[in-house]
Amino acid sequence: MYYGYTGTILRVNLTHGEVTKEALDLKMAEEFVGGRGLASRLLCAEIDPEIEAMSPENPLIFGTGPLTGTGAPATARYVVVCKAPLTGTIACSNSGGFFGPEIKFAGYDALIIEGESPEPVYLWIQDDRVEIRSASLLWGKTPVETESTLQKLTHPASKIACIGPGGEKLSLMAGIVNDNYRLAARSGVGALMGKKKLKAIAIRGTGGVNLADPEQFWKASMDMHAKITGDPVSFGSFRAYGTASLVNLINEMGAYPTRNFQSDTFEDAVKTGGEAITEDILERNRACFACPISCTRVTEVKEGPYKGRGEGPEYESTWSLGALCGVSNLEAVAKANYLCGDYGIDTISTGATIACAMELFETGALSEKEIGFPLRFGDEAAMVRAVEMTGKREGFGDILADGSYRLAERYGHPEFFMGVKKLEMSAYSPRVFQGMALQYATSNRGACHVRGNTVAAELYGIPRYMPPEVLEQKEEMVRRPFQNSTAFVDSTGICLFTKFAITHREICALLAPATGIDFNFDRSIVQGDRIWNLERMFNLRAGFTAADDKLPARVSEPSPDGPRAGSRAILQNHIQTYYQLRGWDEEGRPTRSKLKELNLEDFWNVCSEHD
Amino acid sequence: MINVTVKLSADLRRYRPALRIDESLPLSVPEETTLLELLSEILQIPAHAIAIPIVNGVKCKLNQKLVEGDRVAFWPPMAGG
Amino acid sequence: MIMKKLKADVIIIGGGIVGCTTAYNLSQRGADVLLIEKNGIGSGATGRSGGGIRQSARVSNEIPLAMESVALFPGLSAELGIDIEYTQSGNFRLVEMPDHLRPMQVDVARQQSHGLDVRWLGVTDVLELAPGLRWQNIMGASYCPDDGHCDPFRMVSGFFRKAKEFGTKVLLNSEVQSIEQTDDGKAVVKTSTHSVQAEKVIIAAGFGSQELCQKIGLDLPLQNVRYESMVTEPLPPILSQMFGVASSDLFFRQTQNGGIHFGGGLLEEEDEEDTKTTRDNLNMAVAHISRLVKDLGKTNLLRTWGGLDPSTPDGMPILDYLNENVLLATGFCGHGLALGPIVGRYLAEWISSGQLPEALEPFKRNRFDGWLQTKWTPSGAFAAVLATEDTQTSGRGTVGSGIPFMTPPEYDDSEDEGLHKLLSVNPEMCTGCRMCESACSIEHEKMVRQTGLRIQVAYPSDDFFLPIMCIHCEEMHCMEACVYDALEINDYGIVSVVDENCIGCMLCIPACPTGGITYVDSKETVVKCNLCGGNPACAKYCPTQAITFRPIDDEIREKMETVMSKHLDSRIEK
């Protein structure tokens with residue numbers, strides 16, 4: 001009998017149409033927890049990281065954590081792991097909603113999708129019955145259409161994860177959409193799903209998640225529930241203004257990247273901020289599975305050229321489609337955000353790519369003829385049009401759909417790409433938040449804000465306040481309380497947003513009674529470290545080196561204006577200090593003793609020569 | 001007297017409901033006024049409602065003294081992603 | 001003596017500025033108004049006032065109303081057809097002592113923060129604007145350029161005459177003896193000569209108001225503050241603005257005929273209700289103004305008088321209903337003249353629409369609930385800066401106005417006789433998180449699942465979520481449908497399943513109007529809510545209070561039944 005875990009991994013081979021079930025290796029689960037950790041570990045056992053990302057050998061792994069679906073607060077997350085089509089690094093995108101818990105209710109800890117189907121198919125999983133069905137009816141449909149059609153074709157209550165037209169057309173910015181509007185967005189996981197011709201996965205689970213000690217578990221869960229509902233951030237500002245409440249704050253700090261990172265202050269930020277969203281387009285809040293926070297914003301633009309309905313825009317989306325493109329019209333930003341949802345593409349990368357194209361256009365590297373229309377910063381209609389073309393891969397959109405790295409390279413200005421390891425940065429300027437600079441540079445999936453959101457310490461003071469402008473002593477902060485901790489939290493199945501109200505210890509207090517395994521605080525620290533190192537080894541084996549741990553040159557130049565004019569990303573020697581703290585050599589490779597300590601020696605020979 | 005501007009965001013806006021979201025309050029305050037005095041005596045907002053006080057883009061403590069031209073912005077507890 | 005009987009729509013008690021502006025506005029709207037005044041028009045605080053029309057040096061909650069009122073003044077002379085001698089020349093609040101310097105500067109900033117154009121001026125700037133002042137004793141001043149002053153008598157009689165033109169009837173020299181409510185919801189006001197019946201009564205009797213309130217059994221924290229005023233013989237123009245002094249009651253202005261009208265400062269506490277003047281108080285005021293204004297040494301005083309300001313603890317009036325018929329408008333703390341025009345307008349709006357105008361929200365009397373009558377002194381001058389804001393920022397739903405569904409409304413948790421506590425659902429509050437399902441399944445199944453549950457959240461659309469369960473209706477069709485005695489009812493009317501008897505025939509499921517009964521495959525029986533033996537887990541763990549466990553009546557139950565059965569289709573258990 002398994003507790004917390006369901007004990008089964010479902011393997012579907014699309015090339016041969018085979019479905020097999022494997023038992024979960026509990027020892028592996030104990031080392032890698034679940035979710036991000038376990039799925040990454042499974043991936044490393046499946047492939048050699050050197051393979052082509054868009055090849056049939058690259059499996060798509062849907063993983064859940066031991067807490068996913070247990071009903072403890074905010075236990076809704078599932079992850080998608082593969083070798084990333086956009087970046088070539090290891091990919092781990094995650095999403096909430098109700099799809100993750102449904103995987104558990106159907107009886108699986110993870111789904112491994114291998115091979116490639118010749119025809120569009122979808123997967124229909126009803127508890128232990130698994131069918132691969134033709135998706136010819138669904139191909140070309142948006143996620144919302146796909147979900148309603150599939151619920152008719154399968155079960156009215158089945159939960160759906162699918163790709164939109166962006167994923168079908170192999171846009172490297174495509175994500176996987178579940179519950180209509182939620183995206184496991186980054187790294188291009190949707191492109192791989194599209195390559196496999198897998199339109200959707202529909203799941204209906206009638207089982208449940210067993211708990212080793214239900215009473216203790218529920219007690220711990222309710223303690224957490226009380227902490228979250230008593231917290232002014234989780235239960236206050238997130239509910240009242242959503243994540244976008246940050247827009248004005250970060251802009252006030254002069255850390256809100258604007259016009260493809262040419263500036264760090266957006267003069268019209270307030271028009272696209274959380275307060276404006278709440279006042280102008282908010283319909284109501286909704287929640288993911290078992291979540292008291294309910295930060296999701298159901299919004300609607302009721303009329304005009306940007307009419308539409310959906311969820312969001314969230315902080316990152318309102319930034320990438322707004323400030324980063326110089327756009328201050330909230331309705332246009334909301335529309336672009338809805339369109340990204342309809343096409344199933346990542347809002348951050350989409351906005352960043354359009355911003356990059358805008359800069360290319362304004363500097364003359366890209367002509368109006370090539371794009372088909374002038375694409376200037378601040379032109380909201382052009383921005384929305386570019387999103388639409390990107391989603392459809394129409395005309396110039398065909399080039400945009402592969403992300404800003406390839407776009408900037410193609411037009412001879414690689415310096416206009418604002419990201420790390422081909423993944424675009426997010427809405428915290430590394431010129432101001434030095435911790436974020438280090439985190440962007442060293443993150444395993446490229447520049448990303450949810451691999452270690454040091455802004456928590458550098459602004460809100462969680463766990464303790466460290467001024468954003470200094471990097472001294474932040475290496476350890478980036479490493480442990482942020483990167484490693486996030487790796488652990490992502491592996492449990494609980495949402496990162498609970499972390500403003502609760503700590504690691506409380507998550508561990510849930511894990512033990514849920515699983516019956518002795519998960520505790522001390523082990524969680526090692527587990528986080530282990531997961532991070534495993535991802536690093538994957539990347540090293542895939543060909544990444546210390547030279548890839550670097551920020552775009554632009555952010556090392558002084559910020560031109562705003563309250564933080566003159567500040568810039570300092571990094572410099574701090575990367576070496578960070579490597580040392582991690583137990584890596586100066587090439588950024590884990591030492592043999594470090595791997596031994598983490599019990600990771602069995603993997604490819606990527607560790608340091610000298611010890 | 002020194003001139004400063006004050007911005008109230010998110011939940012704090014209920015203390016000045018008439019203020020538009022893109023508006024900041026222009027105030028002239030006595031020299032040496034601290035942020036705490038600004039809050040308690042002038043704006044009459046309880047200090048515990050403030051989590052993040054920002055002056056000219058820099059988070060600071062409530063005992064900081066204001067100087068001419070300061071851009072003050074107050075935030076309640078908040079975070080995002 | 002035979003009482004004369006009259007009828008009116010509205011009776012206004014008090015012929016001061018508030019009574020007259022209200023009568024003017026109401027009768028302009030066509031109401032039948034009767035104004036009753038104890039003495040003569042403007043014979044109370046209005047006629048004895050200093051004539052200042054200011055927005056500055058107000059408590060925060062009064063600033064918006066004062067700003068709205070001052071905006072009306074420039075048009076008043078034309079509107080009333082009488083020159084009220086309004087001069088919008090600004091208001092100074094002078095600072096004489098170093099101790100008052102900083103508090104005054106802080107107060108200027110406080111007023112600025114409410115959008116008022118008020119500034120701090122150093123002594124040179126003050127002298128430039130008001131050369132009639134003596135610089136030696138002044139350190140600076142707050143200055144509000146939009147403030148000013150007018151002639152109180154001209155103003156009040158202007159409103160009075162217009163009100164009469166619009167049809168207001170008047171009883172002068174008539175003291176009200178009683179205010180009573182009739183059985184048919186009307187009010188009767190009696191004087192020694194008249195008995196008048198009306199829908200509404202407005203008490204705007206200034207310092208006589210408290211006695212009237214006590215007549216209808218209410219004791220409000222109103223207190224009369226004495227002041228004394230005087231006016232000099234006409235002088236050539238030396239001052240155009242209105243002046244006040246920090247931490248002092250002294251005020252002064254020059255009237256249009258040239259007399260310096262000043263007053264304030266009380267040295268001796270005479271009898272509270274006394275309107276006589278005293279030599280000591282006058283001497284002090286004269287000495288004080290002589291320190292501040294040039295060349296007054298040889299000027300003669302023409303006239304002196306005393307007055308009473310009805311005041312409240314927080315320096316703001318009370319504008320609120322005392323019962324269904326009687327509306328109180330008093331306690332203006334000396335601000336009645338400036339606020340009069342706008343208050344009259346809003347009171348008329350309130351009476352005719354029945355809706356409390358938003359602008360009058362801060363002036364309700366319940367702000368003094370629990371106030372100890374004996375423990376306050378009326379607020380003086382600019383020190384009247386009160387923290388009027390609620391200082392709580394609670395974790396739960398701390399939000400401003402206009403944000404939907406975030407703050408759970410309070411519900412009455414009292415143990416209501418004759419009502420059982422039952423589950424009540426408010427779908428507007430539900431965020432669709434399904435915490436209730438988890439709580440229910442752990443409570444009853446010791447595991448988390450989402451099928452075979454006693455409660456289930458339906459998702460008819462992306463913005464409407466509805467927890468569905470047994471609502472313990474009185475009809476109990478399920479019990480009628482069951483032929484195996486598998487449903488039993490306890491003393492509280494709660495139906496639960498007897499597992500041994502249930503054979504899983506599912507006859508009860510279609511019988512239930514809300515869809516509150518579920519068949520469980522693994523058990524081969526049905527399950528339904530039994531309120532967890534009196535402490536339902538779903539209500540306990542609902543983060544938004546969409547589900548509550550409380551006494552509910554048939555009406556709520558019916559409403560729930562309607563909404564649940566309407567969405568029965570979206571409940572998808574096959």
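The model is predicted, so local features need pLDDT of at least 70 and side-chain atom pairs count only at pLDDT 80 or more, while totals for chains, interfaces and linings use all residues. Residues are numbered from 1 along each chain as its sequence is written, and chains are lettered from A, with ligands numbered from 1, in the order in which they are written.

We start with chain A as a whole. Its secondary structure comes to 24 helices and 18 strands; here helices (H or I, at least four residues) and strands (E, at least two) are DSSP runs, numbered from the N terminus. The radius of gyration of chain A is 22 Å, close to the 25 Å that the globule rule gives for 611 residues, so chain A is as compact as a globular protein of that length. This radius is taken over C-alpha atoms, and the globule rule is 2.2 Å times the number of residues to the power 0.38. Along its principal axes, the C-alpha trace of chain A spans about 65 × 55 × 50 Å. Of its 611 residues, 69% count as buried, where buried means that 20 or more other C-beta atoms lie within 10 Å of the residue's own (exposed: 12 or fewer; partly exposed: in between), with C-beta atoms placed from the backbone. Among contacts in chain A with a separation of 6 or more, 70% come from residues 24 or more positions apart; two residues are in contact if their C-beta atoms, placed from the backbone, lie within 7 Å.

Chain A can next be divided into parts. The domain assignment gives domain 1 (8–204), domain 2 (240–424) and domain 3 (434–598), with bounds that come from an automatic or database domain assignment. The C-alpha centres of domain 1 and domain 3 of chain A lie 26 Å apart, and 40 residues of domain 1 are in contact with 30 residues of domain 3. On the domain 1 side, helix H1 (26–32), helix H2 (35–46), strand S4 (78–83) and strand S5 (90–95) of chain A each supply at least two residues. The largest share, seven residues, comes from H2(A). This side of domain 1 divides into 16 nonpolar, 16 polar and eight charged residues; Ala, Val, Leu, Ile, Met, Phe, Trp, Tyr, Cys and Pro count as nonpolar, Asp, Glu, Lys and Arg as charged, and the others, Gly among them, as polar.

Strands of a sheet pair through backbone hydrogen bonds, either parallel or antiparallel. This open sheet has six strands in the order S2-S1-S6-S3-S4-S5 (chain A), with mixed pairing; two strands pair if DSSP finds at least two bridges between them. Strand S2 (18–23) and S5 of chain A stand at the edges with a single partner strand each, so one side of each is left without a neighbour in the sheet. Neighbouring strands of this sheet are turned by 20° against each other on average, direction ignored. Strand S1 (residues 8–13) of chain A pairs with S2(A) in the antiparallel sense over six bridges, and Arg11(A) has Thr20(A) as its bridge partner in S2(A). H2(A) lies across strand S3 (60–64), S4, S5 and strand S6 (110–114) of chain A, running at about 150° to S3(A). For such angles, axes are lines fitted to C-alpha atoms, for helices over the stretch in contact, and angles run from 0 to 180 degrees between N-to-C directions.

Now to the neighbours of chain A. In the contact with chain C, 32 residues of chain C meet 39 residues of chain A. Helix H10 (435–445) and strand S20 (447–449) of chain C each give two or more residues to the chain C side, and H10(C) brings the largest share, six residues. Strand S13 (residues 208–210) of chain A is joined to S20(C) by three bridges, and the two run antiparallel. Within this pair, Gly208(A) has Arg449(C) as its bridge partner.

The contact between chain A and chain B takes 28 residues from chain A and 18 residues from chain B. On the chain A side, H8(A) gives the most, with five residues. Chain B itself has one helix and five strands, which run β-β-α-β-β-β from the N terminus on.
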